[in-house]
Amino acid sequence: MTRIDKLLAAMTLEEKIGQLNMATVGHAVTGPVLASGVIEGIRAGRIGSLLNIWGAREVHAVQKIAVEKTRLGIPLLIGFDVLHGHKTIFPIPLAEAALFDPPFWERSAREAAIEAAADGITMTFAPMLDIARDPRWGRIVEGPGEDPWVGAEFAKAKVRGFQGTGLPEGLAGASAVAATAKHFCAYGAALAGRDYASVDVSERLLHEVYLPPFAAAVAAGCAAIMPAFNDVAGIPMTAHVALLRDWLRRDTGFDGVIVSDYNAIAELLHHGVAGDLAEAAAAALLAGVDIDMMSNAYSQGLPEAIAGGLVSTDLVDSAVRRVLKLKEHLGLFDDPCRRGSAETLATAPAAAKARIELARELARRAIVVLANDHVLPLSPSLRHIALIGPLADARAEMLGPWAAAGSATGPVTIREGFAAALPDAEIAFEAGVAITGTDMSGIAAAREICKGAEIVLLCLGEAANMSGEAASRANPGLPGVQGALAAAIFDLGKPVVALIFSGRPLMIAAIVEKARAVVATWFLGVEAGNAIADVLTGKFNPTGRLPVTWPRDVGQVPIFFAARPSGRPANPDDHYTSKYLDMPVGPLFYFGHGLSYCRFILTNLRTSNAEFRLGGELTIEVDALNEGPAAGEATVFLFARDVVASVARPSLELKGVGKIALGTGEGGTVCFRLAAEALSFPGRDLKPVLEPGEFLLLAGQSADPRQMLSIKVRALPG
Ligand code: NOJ
């Protein structure tokens with residue numbers, strides 16, 4: 001008998017249900033209900049895992065209770081939302097996505113895991129893999145943006161980083177944490193961009209867009225999955241047999257733990273698919289949900305559900321077995337206090353320093369220069385700079401909405417970053433207005449200091465908590481009276497560089513029209529100020545590219561590059577075409593857009609073999625030339641279009657991203673390898689099919705169709 005068999009044989013039903021029960025300790029509040037009596041619950045074997053507690057001392061104390069003071073001595077899972085750094089806070093995930101660089105994605109997850117594990121954490125509720133095409137939805141900040149190919153690459157990198165894939169001890173290592181891919185699935189398609197709202201997408205869209213990142217996470221060995229709060233076409237994900245049990249467990253072979261979202265099992269009552277906790281518990285367990293986070297539906301409802309014949313104890317046993325297996329894989333039975341016990345990489349001074357350097361590198365690579373009319377990089381001869389706006393000196397905001405155990409005193413502000421970068425310049429600062437509110441009394445003082453300045457850096461945007469969970473915005477523009485501040489500053493006729501801080505694309509067409517340069521600065525974490533100064537001064541030639549289409553106006557939402565073609569494509573000169581009467585159909589900035597301080601030219605897109613079959617591979621090359629005037633890094637996007645198929649295919653589908661560093665005047669070749677399989681799609685029966693016929697392969701520096709090279713290739717039958 002294995003350890004797990006023996007435990008299962010010895011457990012009472014109450015102890016089994018206890019293993020499926022996750023309670024919060026309340027160090028961090030991430031949901032509406034708080035558990036009471038946690039310690040008594042652990043002692044009685046009624047709680048098998050905790051969330052929102054960290055710190056080696058605190059965690060070890062509760063682990064000791066679980067191991068030494070309970071009948072069976074089973075250690076606890078300790079879960080926490082470590083989305084973009086644990087103590088050292090890195091850029092928000094949407095900003096990190098702008099790197100288009102899996103090795104960096106993996107490194108930041110690895111460093112976050114090292115810090116989290118040193119704090120006793122065994123499981124993170126990350127990566128968040130929700131494809132998001134609606135910037136009203138505040139949780140767009142937490143994920144990889146709009147594209148499923150990017151989502152899948154992000155998933156693999158994050159899972160490897162968190163779980164320490166490739167380390168000698170794997171998940172049992174003292175610096176590994178179990179990853180939880182969330183929120184499964186289609187949460188980003190919430191009706192009208194309202195968090196927690198219903199989702200109704202086609203099965204095709206699930207297979208083409210929302211499932212691939214999760215399939216990639218599973219293939220990478222992700223330990224856990226969290227179902228989303230929403231329903232999909234009337235079936236809440238927490239009780240979705242077809243997606244959880246059939247697709248996830250049966251089709252992808254996922255045999256890890258499914259952990260509900262916060263209180264989500266009890267919320268099946270609000271969804272109107274369960275009449276009481278017994279029915280809710282039964283529905284979730286039948287769908288394959290193993291752990292009940294914070295709703296007490298399993299502890300209160302499962303005994304009745306079993307007694308009433310709604311579910312069998314076999315299902316309880318299978319769920320408990322999966323939970324115990326995860327604890328075993330994490331090495332918790334061998335040493336529940338392993339994480340955080342010894343002097344580790346988390347605290348070693350050299351490692352801590354390297355982590356800050358990584359935070360700066362990630363942050364400057366995440367910055368996207370959206371527009372630049374010859375004012376960036378800032379001239380080294382500038383002596384008088386006005387720093388204006390409510391985000392210029394807003395330390396805590398730089399952390400973004402999921403700051404884990406990060407400290408509000410940690411980040412470098414923009415003001416500090418520029419003071420350090422430009423010691424010879426006089427930098428005058430006035431906020432002018434607050435992020436929100438109606439007080440305009442500070443605008444006059446802000447205008448005043450701009451008068452003597454050669455350039456104005458205008459720091460505008462959202463507060464960190466205006467994106468993230470439960471932070472949808474019907475009008476995601478500049479909040480408060482920041483628009484009035486901007487207008488008053490533009491009115492002076494000085495050159496203005498607008499820095500836009502946000503967890504989503506903001507509706508800023510009016511700013512883009514007037515500013516000489518516009519930079520997406522997201523929420524960049526602890527090194528925000530230094531990273532922004534690096535980019536604006538030209539110390540670092542920007543490389544960030546938009547992982548999401550940036551709309552002109554919220555009325556264009558949802559807007560994304562991979563839309564299917566219309567039978568009547570937009571034509572401003574033809575009335576009966578797919579367009580708006582009151583604005584262009586195109587976005588303000590395309591997916592993939594991002595300027596650098598040099599000009600890259602792409603030429604000579606070519607492929608080794610113009611004809612291919614399933615099982616084959618295409619080698620695609622394109623030449624890139626840096627026309628100067630600085631050394632830089634080019635990003636090349638490879639798209640495909642299946643020209644004629646049995647199902648209308650998107651006009652563009654992303655198939656690869658290549659990068660190349662080039663000195664001034666230097667040329668090079670970017671190479672892609674594309675498996676023929678990557679050009680298949682869910683056919684009419686939703687099974688993957690590669691249909692013979694013509695494909696277009698397109699390469700560009702963004703998804704702007706006007707600036708792409710293209711070649712034709714042909715899939716042969718068989
Ligand atoms: C609710 C959120 O939806 C989820 O992402 C998070 O992991 C849990 N709360 C726990 O904080």
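This note goes through the domains, salt bridges, pockets and cavities of a predicted model.

1. Domain layout. The protein chain is split into three parts: domain 1 covers 80-329, domain 2 covers 359-556 and domain 3 covers 600-715. Taken over C-alpha atoms, the centres of domain 1 and domain 2 lie 33 Å apart.

2. Interface of domain 1 and domain 2. On the domain 1 side 40 residues are in contact, and they meet 43 residues of domain 2. The size of an interface is often expressed as the accessible area lost when the parts come together. Here the area buried between domain 1 and domain 2 is about 3000 Å², and carbon and sulfur atoms give 68% of that area. Within domain 1, the residues that lose the most area to domain 2 are I89, P135 and R136, which together make up 19% of what that side buries.

3. Charge pairing across that interface. Side chains of opposite charge can pair when their charged atoms come close. Between domain 1 and domain 2 the rule finds one salt bridge. In a salt bridge of the model, the side chains of R139 and E469 meet with an N to O distance of 4.0 Å. The cut-off for a salt bridge is 4 Å, so a reader may wish to look at the R139 and E469 pair with that limit in mind.

4. Salt bridges in the whole model. The structure holds 45 salt bridges. One of them joins E208 to R204, with 3.0 Å between the closest N and O atoms. Both E208 and R204 belong to helix α8 (residues 203-210), where they are four residues apart, about one turn of the helix.

5. Largest pocket. What is the volume of the largest pocket? The value is about 1200 Å³. The lining of the largest pocket counts 38 residues, and H207, E208, P212, K655 and S680 lie nearest its centre.

6. Where the lining of the largest pocket comes from. Domain 1 (80-329) and domain 3 (600-715) each give at least three residues to the lining of the largest pocket. The largest share is that of α7, with five residues. By class, the lining of the largest pocket has 23 nonpolar, twelve charged and three polar residues.

7. Second largest pocket. The second largest pocket has a volume of about 950 Å³. Its lining is made of 27 residues, and those closest to the centre are F560, F561, A563, V585 and S651. By class, 17 residues of the lining of the second largest pocket are nonpolar, six are polar and four are charged.

8. Cavities. How many cavities of 30 Å³ or more does the structure hold? There are four. The second largest cavity contains about 50 Å³ of space. Its lining consists of L83, P93, E96, A126, P127, M128, E142, F154, K158 and F162. Both α5 (93-97) and α7 (148-163) supply at least two residues of this lining, and α7 gives the most, with three residues. The classes in the lining of the second largest cavity are seven nonpolar, three charged and no polar residues.

Key. Residues are numbered from 1 along each chain as its sequence is written. This is a predicted model: local features need pLDDT of at least 70, side-chain atom pairs count only at pLDDT 80 or more; totals for chains, interfaces and linings use all residues. Side-chain values use heavy atoms; hydrogens and water are left out. On a 1 Å grid over the protein atoms alone, a cavity is a set of points where a 1.4 Å probe fits but cannot get out, and a pocket is an open set with protein on both sides within 12 Å along at least five of seven lines; lining residues have an atom within 4 Å of a point. Grid points are joined across faces, edges and corners, and a volume is the space filled by probe spheres set on the points. Ala, Val, Leu, Ile, Met, Phe, Trp, Tyr, Cys and Pro count as nonpolar, Asp, Glu, Lys and Arg as charged, and the others, Gly among them, as polar. Domain bounds come from an automatic or database domain assignment. Contact means heavy atoms within 4.5 Å. Buried area is the accessible area (1.4 Å probe) that two parts lose on being put together, summed over both.
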